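Visitor: I am new to this structure and would like a close look at a single part. Could you pick one residue and walk me through its surroundings?

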Amino acid sequence: MRVYLDNNATTRVDPLVLEAMLPYFCEKYGNAASRSHSFGWEADEAVKKARQQVADLIGAAAEDIVFTSGATEGNNIAIKGVAAMYADKGRHVVTQSTEHKAVIDPCKYLEQHGFRVTFLPVDHWGRIDLQQLADAIKEDTILVSIMHGNNEIGTLQPIGEIGKLCKARGVLFHTDCCQTFGKVPINVQEMGIDLLTCSAHKIHGPKGVGALYVRRKRPRVRCEPVLHGGGHERGMRSGTLNVPGIVGLGQAAELCRLHLDTEPARLTALRDQLWSGLQARLDHIALNGHPTERTPSNLNVSFAYVEGESLMMGISDIAVSSGSACTSASLEPSYVLKALGVGDDLAHSSIRFSVGRFNTEAEIEYTIDRVAAAVCKLREMSPLYEMVQEGIDPSKVEWAER
Ligand SMILES: *Cc1c(COP(=O)(O)O)cnc(C)c1O
């Protein structure tokens with residue numbers, strides 16, 4: 001038995017998505033920009049349909065959608081593109097310390113190119129403070145970029161309130177919605193969102209394709225392109241469209257929309273089943289991220305007195321992520337957990353479980369058994385855990401100098 005619980009990293013392509021994509025490889029392989037023959041027209045039709053399918057999931061118009069190679073590109077266009085376009089108006093951007101690297105790094109790039117960036121801190125649950133955000137917005141602020149759901153800890157930000165605040169202050173609002181697109185209801189009008197990033201492979205679509213919503217009205221948002229070329233996608237993203245990928249993204253979005261009433265609740269139930277099962281079996285474990293304001297799929301747990309990496313090896317038939325695996329090569333604890341104030345020890349002992357469409361209750365039960373057994377085994381070897389069992393607080397022990 002192999003269990004895949006790393007759905008925040010990527011997901012299995014839904015067979016219905018694959019089925020929708022297949023004709024666009026060997027039969028309907030036209031270039032969507034070819035205006036002079038039916039091969040081009042049928043590709044263009046398919047792209048139009050997908051544009052509508054993506055737009056429908058976020059309350060946008062089809063024309064607002066720009067197809068990209070994924071969320072990394074979408075975030076780069078949104079952040080660097082807005083900065084370049086509005087640099088005359090101001091050179092200040094506000095974001096938060098727990099963003100995905102695909103937001104953090106474009107912001108750092110801006111810092112090296114004459115912009116100021118404010119990285120807002122987060123509280124113990126990973127939420128920003130709205131008053132701090134309001135205070136951070138200055139005369140020269142052009143963009144606020146705050147993600148909806150965090151990929152590591154699942155915490156949701158109040159993006160509707162953030163959007164309102166940005167509107168009131170006349171600042172553009174971008175949000176990376178990779179982890180919530182298709183899982184949590186989103187409406188760009190009601191939430192005051194000007195730019196929104198999503199990615200197909202997080203919602204059971206193919207890798208290497210995503211979309212950026214760019215508001216066209218009230219206000220009309222403009223982005224300087226990152227890639228220059230044939231002027232596709234309203235000039236914001238040149239390059240021949242990835243028609244099969246785009247069809248896959250559209251189909252994946254539609255499936256999410258059709259099941260938005262039931263599937264998030266099912267994922268939440270699986271996640272909660274895992275959390276209560278682990279709590280029933282193990283002591284000294286802690287939830288990372290917000291207890292209720294979190295994405296349906298994510299459960300991030302610290303198992304005190306156990307190394308996350310060792311635990312992962314102990315449950316090698318279950319695919320999960322650890323708090324230090326994200327920046328894989330280094331064994332630095334995750335910067336996201338650090339920003340929450342989680343100590344290095346607990347950060348090193350954290351595991352991210354993320355459920356998806358194809359997980360079952362039986363898989364969760366199996367996971368609870370395997371994790372509980374592995375944690376107990378590792379703790380048996382831990383002198384620290386032994387001390388705790390004897391009623392000694394290891395943090396109060398004065399260790400001899402060597
Ligand atoms: C996965 C992810 C990304 C990167 O998406 P790609 O399509 O793989 O480039 C960016 N932000 C968040 C929050 C993600 O979860």
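Guide: Happy to! Leaving aside neighbours within four places in sequence, Val375 is in contact (heavy atoms within 4.5 Å) with Leu282, Phe303, Val306 and Leu311. This is a predicted model, where local features need pLDDT of at least 70, side-chain atom pairs count only at pLDDT 80 or more, and totals for chains, interfaces and linings use all residues. Residues are numbered from 1 along each chain as its sequence is written, and side-chain values use heavy atoms, with hydrogens and water left out.

Val375 belongs to helix α13, residues 361-380; helices are DSSP runs (H or I, at least four residues), numbered from the N terminus. Is Val375 buried or exposed? Val375 is buried because its relative accessible area is 0%; buried means under 20%, exposed over 50%, and partly exposed in between, with a 1.4 Å probe and protein chains only. From Val375 to Ile246 the C-alpha to C-alpha distance is 43 Å, and 129 residues separate them in sequence.

For a contrast, turn to Phe25, in helix α2 (residues 23-26). Phe25 counts as partly exposed because its relative accessibility is 47%.

With a disulfide taken as a pair of cysteine sulfur atoms within 2.5 Å, the count is zero. Cys107 is in no disulfide, and the nearest cysteine sulfur, that of Cys166, is 13 Å away. Cys166 is in no disulfide either; its nearest cysteine sulfur belongs to Cys177, 13 Å away. Cys107 counts as buried, at 0% relative accessibility, and Cys166 also counts as buried, at 0%.

Conventions
Helices (H or I, at least four residues) and strands (E, at least two) are DSSP runs, numbered from the N terminus.
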